[in-house]
There are 2 protein chains.
Amino acid sequence: MEETDWAIHRIAALAGTTSRTLRHYDSVGLLTPSRVAGNGYRHYDQAALVRLQRILLLRELGLGLPAIAAVLEHQESAVAALEAHVGWLRSEQERLARQIASVEETIASVLKGKNIMAENMFDGFDHTQYRDEVEERWGKDAYARGDSWWRGLGATARADWKERQAALNRDWIAAAAGGASASSPGAQELARRHVEWLASIPGTPASAPGGDVRGYVTGLGAMYVADPRFGANYGGEAGATFVRDALALYAEQNL
Amino acid sequence: MEETDWAIHRIAALAGTTSRTLRHYDSVGLLTPSRVAGNGYRHYDQAALVRLQRILLLRELGLGLPAIAAVLEHQESAVAALEAHVGWLRSEQERLARQIASVEETIASVLKGKNIMAENMFDGFDHTQYRDEVEERWGKDAYARGDSWWRGLGATARADWKERQAALNRDWIAAAAGGASASSPGAQELARRHVEWLASIPGTPASAPGGDVRGYVTGLGAMYVADPRFGANYGGEAGATFVRDALALYAEQNL
DNA sequence: GCTTGACCTTGACGTTGCGTCAACCTTTAG
DNA sequence: CTAAAGGTTGACGCAACGTCAAGGTCAAGC
């Protein structure tokens, strides 16, 4: 009989890991000691060492402990597991690539003085979380249209568009807070700018050649009041009501 | 006064996140409610909404909450923080690229029937954790030499080399277990194969033109006994002793 | 026989960013 | 009055250990 039996610190050093890790692997059942002495000390033999080697190899490849356990139990499907893992690694890499692009875009915008992070960035098209409701309200492909339009813009164009929106929102809120009436010249001028702004979004009636601009603008105003997520842009329900009324009047008289 | 003040669920929906997240941001001090009512309910105003927008924007870029807090507090250094973040993202991407390459190499080896995961993978050169000691024993650049040699090999060559090593280890252990003496013909033949195997590693005296093969092989045998990490390849100390003696005799008589 | 030091053990907390109950109020609508 | 929403504060869970903490074991030196 050889004395092929090491204390925990030994194989740890032998395999290039720590005793804590071995205890962890024991506790999760990934690698149990080949022998536990009466005093509770863990001992490992060559077979355990080989298994440990494999575990560490797979860990270096980025697999999680459950995945490693699975690979070691069902060695036949090891290749399939590894290939699935490569797929996951690739998707992670792509995600990182997108993040890098976004961050650099942001840096460039900030350097150009475009305060991307400065204003209210709310609107009905650029955020994905309302997909279902946007589709429900405006038709199945309204969301897709709005989204593709939005994604088609460069970072600068997006920033420009958002800034025009933010300016509009500010002015609407100021006008409402100032106690102006929806029919006042100031409110009507804002309505004109608002419609102009809407017309810059392709795919809506406001920008289509023979679109029902009037109905669209009136309906949109109603939505600002009905939906607090849009109404938020205008200072809440009261502000949204003001905007709706001004838009309705403007649409009736000018569109 | 406007009623620009929303309940927690409102801004959550408004910003596309959850109330739990907002409570979390409150608890970590990243975003405190603009007002807390007598009943404990959190309320947020437009300023809070704007801040939340920025937080979520930065979060999408992959920044951690402490980093986000730092960026928002010191807006001047925002660009620097973002650039540092890009650097980290790039390093992560490189790490993933290396992992992908390794996993694919492993898959290819397994498919070729090379059981990379099947045998004892111990030797003095392929693992990095003994760098200090290898350098101490064999000189400052021994490690670097061994490592660069090893890394210069392709996956297939590595697997081949490891298999030859594993076969040698097996045979040594079998011979020692069989009770053979170090001077027996079997042991001496193993010693010959061992030296041959060593000679396949460039940068050692065994492969150098005028190297001190004799001293090298004898010293290596001593190390197998002295260091359990190497001795493990030969069935522990007894096995390593057998190998050392056989190598010493072989070196004396043939080198 | 005792001390020292090295090594072992079993907890248990910390890490990152919330998701997900759980137990318990409040407010609002019917 | 009651039920349905929605709010609150805990507290656990996740991944894989690092890092104390408190305390047993063992070989060696006095």
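A residue counts as buried when its relative accessible area is under 20%. By that criterion, 44% of the 255 residues of chain A are buried in this predicted model. Chain A contains 12 helices and three strands. Among its contacts with a separation of 6 or more, 57% are between residues 24 or more positions apart.

**Surface near DNA strand C**

- DNA strand C is surrounded by 18 residues, and the closest are A:Arg23, A:Arg42, B:Arg20, B:Tyr25 and B:Arg59.
- Of the atoms of DNA strand C that come within 4 Å of the protein, 72% belong to sugar and phosphate.
- The side chain of A:Arg42 places a polar atom 2.8 Å from a phosphate oxygen of DNA strand C.
- In the side chain of B:Arg59, an N or O atom is 2.9 Å from a phosphate oxygen of DNA strand C.
- A polar side-chain atom of A:His9 is found 3.0 Å from a phosphate oxygen of this DNA strand C.
- At least two residues of the surface near DNA strand C come from each of helix H1 (8–15) of chain A, H2 of chain A and H2 of chain B.
- The largest contribution to the surface near DNA strand C, four residues, is that of H2(B).
- By residue class, the surface near DNA strand C consists of six nonpolar, seven polar and five charged residues.

**Surface near DNA strand D**

- Around DNA strand D there are 18 residues, of which A:Arg20, A:Leu65, B:His9, B:Arg23 and B:Arg42 are the closest.
- Sugar or phosphate supplies 71% of the atoms of DNA strand D within 4 Å of the protein, and bases supply the rest.
- An N or O atom in the side chain of B:Arg42 is 2.7 Å from a phosphate oxygen of DNA strand D.
- A polar side-chain atom of A:Arg59 is 2.9 Å from a phosphate oxygen of DNA strand D.
- Two or more residues of the surface near DNA strand D are given by each of four elements: helix H2 (19–27) and helix H4 (65–73) of chain A, and helix H1 (8–15) and helix H2 (19–27) of chain B.
- H2(A) contributes the most to the surface near DNA strand D, namely four residues.
- The surface near DNA strand D comprises six nonpolar, seven polar and five charged residues.

**The sheet of chain A**

- Three strands of chain A form an open sheet in the order S1-S3-S2, with antiparallel pairing.
- Strand S1 (6–7) and strand S2 (35–36) are the edge strands, each pairing on one side only.
- S2(A) and strand S3 (residues 42–44) of chain A run antiparallel and are joined by two bridges.
- Opposite A:Val36 stands A:Arg42 in S3(A).

- A:Ile8 belongs to helix H1 of chain A.
- With a relative accessible area of 14%, A:Ile8 is buried, because this value is under 20%.
- Apart from residues up to four places away in sequence, A:Ile8 touches A:Ser19, A:Leu22, A:Arg23, A:Arg42 and A:Tyr44.
- The C-alpha atoms of A:Ile8 and A:Arg23 are 8.6 Å apart, while the two residues are 15 residues apart in sequence.

- Helix H9 (residues 185–199) of chain A has 15 residues and should span 21 Å at 1.5 Å a residue; its end C-alpha atoms are 21 Å apart, so expectation and model agree.
- The buried residues of H9(A) are A:Ala187, A:Gln188, A:Leu190, A:Ala191, A:His194, A:Val195, A:Trp197 and A:Leu198.
- An α-helix has 3.6 residues a turn, so residues three or four places apart point the same way.
- A:Ala251 lies in helix H12 (residues 237–254) of chain A.
- The relative accessible area of A:Ala251 is 0%, and therefore this residue is buried.
- A:Ala251 and A:Ala191 are 60 residues apart along the chain, and 8.5 Å separates their C-alpha atoms.

How values were computed. Residues numbered from 1 in each chain as written. Chains lettered and ligands numbered in written order. Predicted model: local features only at pLDDT ≥ 70, side-chain atom pairs only at ≥ 80, totals over all residues. Heavy atoms only, no water. Near = heavy atom within 4 Å. Polar contact = N/O pair within 3.5 Å; in protein donor to acceptor, adjacent residues only side chain to side chain. Nonpolar A, V, L, I, M, F, W, Y, C, P; charged D, E, K, R; others polar. Pairing = 2+ DSSP bridges. Expected span 1.5 Å × (residues − 1). Buried < 20%, exposed > 50% of the residue type's maximum accessible area, 1.4 Å probe, protein only. Contact = heavy atoms within 4.5 Å.
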